[in-house]
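Biologist: Hi, I'm new to this one. Could you walk me through it?
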Amino acid sequence: TEEGNKVLFISSHYTDKKDVYEGLKMYTISEDKVETLVEQGDMSIDYACILNGKVTFFASYMKEYGFNENDKLYTVENGKVELLSDYDDSIHNSICCDCKFADGPAIVHDDKYIYFLTTLRKNTALRRFDANGNLETLIDRQGSLHTLSLCGDKIYFTGMREMGLTECYCFDGKEEEKLTSFNDEIMAERSVLPVEEFTFTYKGLELDGYVIKPLDYDPNKTYPGILTIHGGPKAIYGATYSHEFQVYASRGYFVFFMNPTGSDGRGNAFADIVAKQGSIDYEQLMAFTDEVLRQYPALDGDRLGVMGISYGGFMTNWIIGHTDRFKAAVPQCCIANWITKTNTTDIGYPFNTTQLGGDVWENYDKMWELSPLKYADRVKTPSLIIQCDEDYRCWVAEGVQMFSALKYHGVPARLLMIHGEHHSVSRLGKPKKRVRRLNEIVSWLDTYLK
C-alpha cells in the first residue's frame, strides 16, 4: 500500500520450514528507509493501510481457531499493537460458484475508510471500517460480490445478483446501479431454474438448505437427486447461479445442498471444525438429506447421488465409507488420506496440521482415523473419481489412492484424470475440459440413478 511517501508491506522471512506468521514494515521513499512496525512472530497479516494517519491492518493471531481464524482489525504505534475491532466475520467472499469471474481486490481503502467484502450467512456484503474501528454495512442483499474499486465517492464492483451472471455495478453510498449487461441476452435465451431456500434445525442449531427442482417438474412423478457438498470447508453455498447445478437439474435431477458446521458466514465458532471432520458435518448432511426427502416427496430416496470437490470430495469419500444410502458418488479433487496430503500440497503443512490438531508425527493415529481411505473396505457405492494432474492442492495421489482402494475391494469405480488442469477445473478450467467433466458426471449418474 503506497501512501504518498510511505509504502506499507507485509513480509515473511524463513529458511527451510515456512513460517506461518508475518511482519508489517514501512518503507519511506524519500529517506530510502525501512522500518519494522510489527515484528514477525505471532500474527498472520492480510491487509494494511493508513487511515487518517493511523496504520490500520487486518490480522489474526490464529490462537483460538487455527489457520482459518477470521481476521480482526488492529492498529500499531511505536511497536505496540492495539485491537480496533473484535471482528468475528470473514473479510472475503466465500460463496462457491462456477461463474465467479473477474478476480481482483476484495479490500480497498481511501484516506478515511477501509472497504471490504464479507460473507454473511448466505450473501456477500460490503462493509467499511473507519480509523477508530467503527463498522458500517453498506450493502447486504442476495448475491455474490467479487471485486472492488474506488473512484471519487463511488464504489465500483463486479458481482452476481439474484440468479444472474457477473456484471459491473456502482454504489454511490445510497443506491446500487447496474452498469453492464454482458450476459442478459444469453440468459434470456436459457431456462434458469430457481433455488428454493429453507432452514431446518439439527440438535438446536438452525441450518440453511437449498433445493433446485428438475426441469419440467411434475409433483406426480418421482426423480433422482444429487447431494452436492462445498469445499473449504470454510466456504458457503447461496442462492446464486451455478452452471453446474443448472445442468444437473436440466437433466432431470433434484439438486440439493447446504452449509453445515465448518462453513463460513456465521463467525469463527460455527466455522470451527478442527479435528471434527466427518462427525458433526456428516451428521448434518445426513439430517439435511432426510429433511429434503420429507419436504419433497417427488425425490426418490432410493436414487440418490452424492458429490463434492476438495473438502466436498473428502466428505463424499467419507460418506460412502459410512453409509450405503447413496447409489452413486463423484468425489473430485478429493482428500483420501490426511497423512499423505499434509506433505504434498501447495497450501503447505499449516492448514492440515492446524485443522487436524497436530502434525503427522505427533498426530498420526488421529489423521488416519479421519482419513476416508481407512474405511474404503466398507464402500459399496459406485464411484467416479475425478482428478487433475496439475492439482497441487489435493495432489494426484489422493484420487489415485481412493480409486485403487475401491478397485481392490471390488467396488465399481472409474478414474477420470484430466490432463493439464488444476484444483479449480470446475470454475476456471478450459471450456473443453469442463464440458468433458460434466458429460462424464452426468453419464455416471444416469447409469446408476436412472
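Predicted model: local features only at pLDDT ≥ 70, side-chain atom pairs only at ≥ 80, totals over all residues.
Modeller: Happy to; we can go from the overall fold to a pocket, some helices and the cavities.

Biologist: Good to know. How many helices and strands does the protein have?

Modeller: There are 11 helices and 24 strands in its secondary structure.

Biologist: And how far does the C-alpha trace span along its principal axes?

Modeller: The span is about 70 × 55 × 45 Å. The radius of gyration is 23 Å, which agrees with the value near 22 Å that a compact globule of 450 residues would have.

Biologist: What share of the residues is buried?

Modeller: Buried residues account for 56% of the 450. The accessible surface is about 19,400 Å², and 48% of that surface belongs to carbon and sulfur atoms. As for contacts, if you take those between residues at least 6 apart in sequence, 60% join residues at least 24 apart.

Biologist: Let's switch to pockets. How much space lies in the second largest pocket?

Modeller: That pocket holds about 580 Å³. Its lining has 26 residues, and those nearest the centre are Cys99, Tyr241, His243, Glu244 and Val247.

Biologist: Which elements give two or more residues to that lining?

Modeller: Those are α1 (184-188), α2 (243-250) and α11 (431-449). The most comes from α11, which gives seven residues.

Biologist: You mentioned α2. Is that helix mostly covered or mostly open?

Modeller: Mostly covered, with six of its eight residues buried. The buried ones are Glu244, Phe245, Gln246, Val247, Tyr248 and Ala249.

Biologist: What covers them?

Modeller: The cover for the buried residues of α2 includes the strands β18 (205-212), β19 (223-229), β20 (254-258) and β21 (299-309), along with the helices α10 (425-428) and α11.

Biologist: What happens just after α2?

Modeller: Gly252 sits there, with a positive phi of about 95 degrees.

Biologist: New topic: where is Asn317?

Modeller: Asn317 is in helix α5, which covers residues 311-320. The residue counts as buried because its relative accessibility is 0%.

Biologist: What does Asn317 touch, leaving aside its neighbours within four places in sequence?

Modeller: Its contacts are Pro331, Cys334, Ile335, Ala336, Pro372 and Met402.

Biologist: And why is α5 described as largely enclosed by the rest of the structure?

Modeller: Because 10 of the 10 residues of α5 are buried. Among them are Tyr311, Phe314, Met315, Trp318 and Ile320.

Biologist: Last one: how many cavities of 30 Å³ or more are there?

Modeller: Three. The largest cavity has a volume of about 70 Å³.

Biologist: Which residues line the largest cavity?

Modeller: The lining includes Tyr65, Asn68, Glu69, Pro233, Lys234 and Gly262. Asn268, Ala271, Asp272, Ile273, Val274 and Gln355 line that cavity too. By class, the lining divides into five nonpolar, four polar and three charged residues.

Note on methods: Residues numbered from 1 in each chain as written. Heavy atoms only, no water. 1 Å grid on protein atoms, 1.4 Å probe; cavity = no way out; pocket = protein on both sides within 12 Å on 5 of 7 lines; lining within 4 Å. Points joined across faces, edges and corners; volume = space filled by probe spheres on them. Nonpolar A, V, L, I, M, F, W, Y, C, P; charged D, E, K, R; others polar. Helix = DSSP H or I, 4+ residues; strand = E, 2+ residues; numbered from the N terminus. Rg over C-alpha atoms; globule rule 2.2 N^0.38 Å. Buried < 20%, exposed > 50% of the residue type's maximum accessible area, 1.4 Å probe, protein only. Contact = heavy atoms within 4.5 Å. Areas by Shrake-Rupley, 256 points an atom, 1.4 Å probe, with all protein chains shown as cover.
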